[in-house]
Amino acid sequence: MTNFKAVVVEDIHANRLVVLTVKEKENEINIRLAQEGEVPDFLATRAIKEGETVYVTIKKRETWKGEAGEDIQAGVSVGTGEDGKIVEALGEDAPAIIGYSINAANAGEVVSYVRNVKGGGEGVPGPQGSKGDKGDKGTDGFPTEEQWNELVERIETLGG
């Protein structure tokens, strides 16, 4: 189990799908509600408010429980719908499949689903910016103690 601190960039209801988002401030991890068709990174287990700092815990669960955005049958492919809700992923215009439902649920109820995310196409390019100063190379090509400590902190923060 791993956890890290993140800042919420919009109000998110409990049992909604959530994703990491572009940093608004340097050295700050942000999360937001998953948009229609996105593959979620997390699930909100309680309501959280914009600007709130939360601890995200990665538990490596194979099943998640989220709010149904429509009536969902048991055993069908599901995807992310509007407002981070779970919808059936059937037909030509279906959102990306994120798993399959374990139980039937009516819109607004909680539905359990088995996560079934597969790698896929090209991602969205990251933001373009200046590369900045390369910094001190350290003695004999090794990082300085300060650089090393910074690297260890980054790994512990992002290691989910």
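Predicted model: local features only at pLDDT ≥ 70, side-chain atom pairs only at ≥ 80, totals over all residues.

A: Surface first. Trp148, Leu151 and Val152 make up a nonpolar surface patch with about 280 Å² of accessible area together. Patch residues have over 30% relative accessible area and no salt bridge, with nonpolar side chains joined within 5 Å. Areas are Shrake-Rupley with a 1.4 Å probe.

Q: Where does Trp148 sit?
A: Trp148 is in helix α1. Trp148 is partly exposed, at 49% relative accessible area. Buried is under 20%, exposed over 50%, partly exposed in between.

Q: Which element has the lowest mean pLDDT?
A: Helix α1 (residues 145–158), at 69. Strand β8 (residues 86–88) has the highest, 96. pLDDT is the predictor's confidence per residue, from 0 to 100. The chain mean is 83.

Q: New topic. What is the strand order in the open sheet?
A: β4-β2-β3-β1-β5, with mixed pairing. β4 (42–43) and β5 are at the edges with a single partner strand each, so one side of each lacks a neighbour in the sheet. Pairing takes at least two DSSP bridges.

Q: How many bridges between β1 and β5?
A: Six, antiparallel. Val7 is opposite Thr53, and Thr2 is opposite Ile58.

Q: In β5, which side chains are buried?
A: Val54, Val56 and Ile58, on one face.

Key. Residues numbered from 1 in each chain as written. Heavy atoms only, no water. Helix = DSSP H or I, 4+ residues; strand = E, 2+ residues; numbered from the N terminus. Buried < 20%, exposed > 50% of the residue type's maximum accessible area, 1.4 Å probe, protein only. Patch = residues over 30% accessible without salt bridge, like charges linked within 9 Å, V, L, I, M, F, W, Y side chains within 5 Å. Salt bridge = Lys/Arg side-chain N within 4 Å of Asp/Glu carboxyl O.
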